[in-house]
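I opened the notebook to record what I looked up in this structure. The entries follow the order in which I checked things.

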Amino acid sequence: MLLAIDIGNTHIVLGIMKEDEVILSFRMTTQTARTSDEYGVTIIELLQSNGINVRDIEDVIVCSVVPNVMFSLKNSIIKYLERIPYIVGEGLKVGILIRTDNPKTVGADRIVNSVAAYNIYGGPCMAIDFGTSTTYDIVNEKGEFIGGLITPGIGISAEVMAQRAAQLPVIEIKKPKSILDCKNTISSMQAGLVYGYIGQVEYIIKKVKEELNVPNMTIISTGGLGRIIQDETVLIDVHDKYLTHKGLRIIYDKNKKGNINDF
């Protein structure tokens, strides 16, 4: 089995993969203060509590957008799992060309999502990841990453409203029954956030398709809040909960020992 780890700004998501399927997943909060021993013990406990023998983990692959956690996490994997992890961005082949001004500055998660979207759904395509930030990543029909957009995530938007406006509370992010179902402050905030975000997503999708002249572009969503948005628009073709982990699997397969594929 492969342990695929996606380190985001809010959560670390660990996926246990058997072949191409994620059979288990669990989350940890992203905290830069953890030691390698704390990471190691937590990972071991998560595996064992879900019936996974540590010895059954054949390899580990990691993508991260939080550099400060990498030293401790990498050492925890080496010490507790006795595996040297593959790390996206550290010399791994990914199988798509990065056509941007500075490819090294493209987040590892965006590359991994693009790899998964193109290899699973074909190009042209766009992967939308609803995380701490929302990323829109575009791959053309040739399998080239040609850029994308980054916007504040819906969760950040809710937090900022509560922090910066004295009379606005922290709210649960959910869609009211109607855009006019705004009889109190909380429902008004929920309607504005969710329906406003749906409008943003739809406009960006339409504008990208228009400017690239690719009306048949496949749109894939992922991320914690992606299902809420996907259910409310016909412009997203599929929601793939494990898109990032699937991309990690694809990259691992291209780089594992004994693979003679040079691209």
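I began with a definition: a salt bridge is a side-chain nitrogen of Lys or Arg within 4 Å of a carboxyl oxygen of Asp or Glu. The model is predicted, so I noted that local features need pLDDT of at least 70 and side-chain atom pairs count only at pLDDT 80 or more, while totals for chains, interfaces and linings use all residues. Residues are numbered from 1 along each chain as its sequence is written, and side-chain values use heavy atoms, with hydrogens and water left out.

Entry on salt bridges. I searched the whole structure and found nine salt bridges. One of them joins R99 and E144, with the closest N and O atoms 3.2 Å apart. R99 lies in the loop between strand 6 (97-98) and helix 3 (108-121) and E144 lies in strand 9 (residues 144-152), so this pair ties together parts that are 45 residues apart in sequence. I took helices (H or I, at least four residues) and strands (E, at least two) as DSSP runs, numbered from the N terminus.

I then looked up accessibility. Buried means under 20% relative accessible area, exposed means over 50%, and partly exposed is in between (1.4 Å probe, protein chains only). R99 has a relative accessible area of 49% and is partly exposed, whereas E144, at 14%, counts as buried.

Next I checked D137 and R110, whose side chains meet in a salt bridge at 2.5 Å, N to O. D137 is in strand 8 (residues 133-139) and R110 is in helix 3, so the pair ties together parts 27 residues apart in sequence. Both D137 and R110 are buried.

K256 and D253 form a salt bridge as well, at 3.7 Å from N to O. K256 is partly exposed at 31% relative accessibility, and D253 is partly exposed at 22%. I noted that R249, D253 and K256 are linked in a network of salt bridges.

Entry on helix 7. How many of the 13 residues of helix 7 are buried? I counted 11 of the 13, so helix 7 is largely enclosed by the rest of the structure. Among the buried residues are L243, H245, R249 and Y252. I also checked the length of helix 7 (residues 243-255): the span should be 18 Å, and the end C-alpha atoms are 19 Å apart, which agrees. The expected span is 1.5 Å times one less than the number of residues.

Entry on aromatic pairs. Rings of Phe, Tyr and Trp (its six-membered ring) pair if their centres lie within 6.5 Å; planes under 30 degrees apart count as stacked, over 60 as edge-to-face and the rest as tilted. My search of the whole structure gave two aromatic pairs. Y86 and Y252 form an edge-to-face pair, 5.3 Å centre to centre with 85° between the planes. This pair links distant parts of the chain, with Y86 in strand 5 (residues 86-87) and Y252 in helix 7, 166 residues apart. Both Y86 and Y252 are buried. F130 and Y197 form a tilted pair, 6.3 Å centre to centre with 55° between the planes.

Entry on V112. I found V112 in helix 3. Is V112 buried or exposed? At 0% relative accessibility, V112 counts as buried. Not counting residues up to four places away in sequence, V112 touches C63, V88, T244, G247, L248 and I251, where contact means heavy atoms within 4.5 Å.
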